[in-house]
Amino acid sequence: MNGRIKISVIAAGAVVGILATALTVLGNPANMGFCIACFIRDIAGALKLHSAKPVQYFRPEIVGLVAGSMIMSLGYKEFRPRAGSSPATRFVLGAFVMMGALVFLGCPLRMVIRMGGGDLNAFVGLAGFFAGILTGIFFLKKGFTLKRAYEVKGTEGFAVPGVLILMFILFLLVPSIFALSEEGPGSRYAPVLVSLAAGLIVGALSQRSRLCMVGGMRDAVMFRDFNLLSGFAVIFITVLLGNIITGSFTGFSTLSQPVSHSSQLWNFLGMALAGWGSVLLGGCPLRQLILTGEGNGDSGVTVLGMLMGTALSHNFGLAGSADSVTDGVYKVGGISTAGKATVFTGFAVLLVISITNCRSKK
Amino acid sequence: MTTDNGPCVIVTFHTTAEAMATEKICRKNEIEGRLISVPRNLSADCGIAWKGPKKTRKRLEEALETNRIEFDGVYEMVF
């Protein structure tokens, strides 16, 4: 094994796991203490970018993640406004990563949280995510690059975090102008200030530890360095213990899992799309938020692409629907024909982006 | 192979592609070392760096220049 397991990564993983459990106990949907895809989707709904009424809420956790990273990076003089690394391509990649994640019903972080909640469907998602990462690594080894970023003025680095924070302040002052769910996952949330504080803490710790599911798997596969991946192993263990302690763990199963479906092919393919796209972007959705907080304009554009991706998913019925029980009959969820077509379109788009951005040999 | 925990030279890059190209060039020129995740004390970025024994620094820099590899920084440290 190369590299050392760092205490900061272990600590960050433990705190994320504890806070994810606490947020669920305090009101967030089950197995959704943190989910970048779900929360950005909810924000898209709150901003009326999509019209799916059950998933509309301005999630303070997202604001906290970006702000926490920004505060920490400013404090440690690591706030570096940079941009110019294929922003339009990153926007498209961000959108497809979210579409893939919403087919599965969760980002890589929620995938681990779902695993800790006993959801075996998430293990299928993990297999797909790993396959997507291996595909991405194949193209990295072929010389894939979105070209380098350059230093830019401070305003560029503050642009996306600033807009996000201002929108959140507006949400606190005049919530009535936002769309807010009255039922469904969007109507279930922890107290605003608790959610914000949890986001700030996780954002700060993620900035210091560089916690990233994609980076973790990339390092494990390419360098046999398990440092970053260890953070997610700790999240899994902590959430599992948290669920056992709070009495919400009922064993491992594929059936009747919260906000989850058991259409395994699409769990696999959805996360494969998210994994491949995330490798091309250089980080998972959580990492894109953290980099946005560090002043990375390209990641800011990626987050905007993610916002667009979630809105498209719900406006056009591309996202997965959870398994449900109707009149005592268990109904397996899954995705629509349009959703399936989108996954394959996503693979085609990623293939084109991967091939056309491989640099010529030196 | 590089001795871990000893004095070494570390090269950081703007892109993963430059790191990959460096690995190929070093293999071709029989320059000792390997790719690693960028050390946290050097950067908040989670990119890829090249790590080799300190004694290879001159040959490494020559190879980077000859092959026009654009790098971010070269550091000597115990890692």
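**Reading the labels**

Reply: Gladly. A:Ile43 touches A:Phe58, A:Arg59, A:Ile62 and A:Leu307, leaving aside residues up to four places away in sequence; contact means that two C-beta atoms, placed from the backbone, lie within 7 Å. This is a predicted model, in which local features need pLDDT of at least 70 and side-chain atom pairs count only at pLDDT 80 or more, while totals for chains, interfaces and linings use all residues. Residues are numbered from 1 along each chain as its sequence is written, and chains are lettered from A and ligands numbered from 1 in the order in which they are written.

Me: Why is A:Ile43 called buried?

Reply: A residue is buried if 20 or more other C-beta atoms (placed from the backbone) lie within 10 Å of its own, exposed if 12 or fewer, and partly exposed in between. A:Ile43 has 27, so it is buried. A:Ile43 lies in helix H2 (residues 36-46) of chain A; helices are DSSP runs of H or I, at least four residues, and strands are runs of E, at least two, numbered from the N terminus.

Me: How do you know that the span of helix H1 of chain A agrees with its length?

Reply: The expected span is 1.5 Å times one less than the number of residues. For the 19 residues of H1 (residues 7-25) that gives 27 Å, and the end C-alpha atoms are 27 Å apart, so the two agree.

Me: What covers the buried residues of H1(A)?

Reply: The cover includes helix H5 (108-116), helix H8 (192-209) and helix H10 (227-246) of chain A. Among the buried residues are A:Val9, A:Ala12 and A:Leu23.
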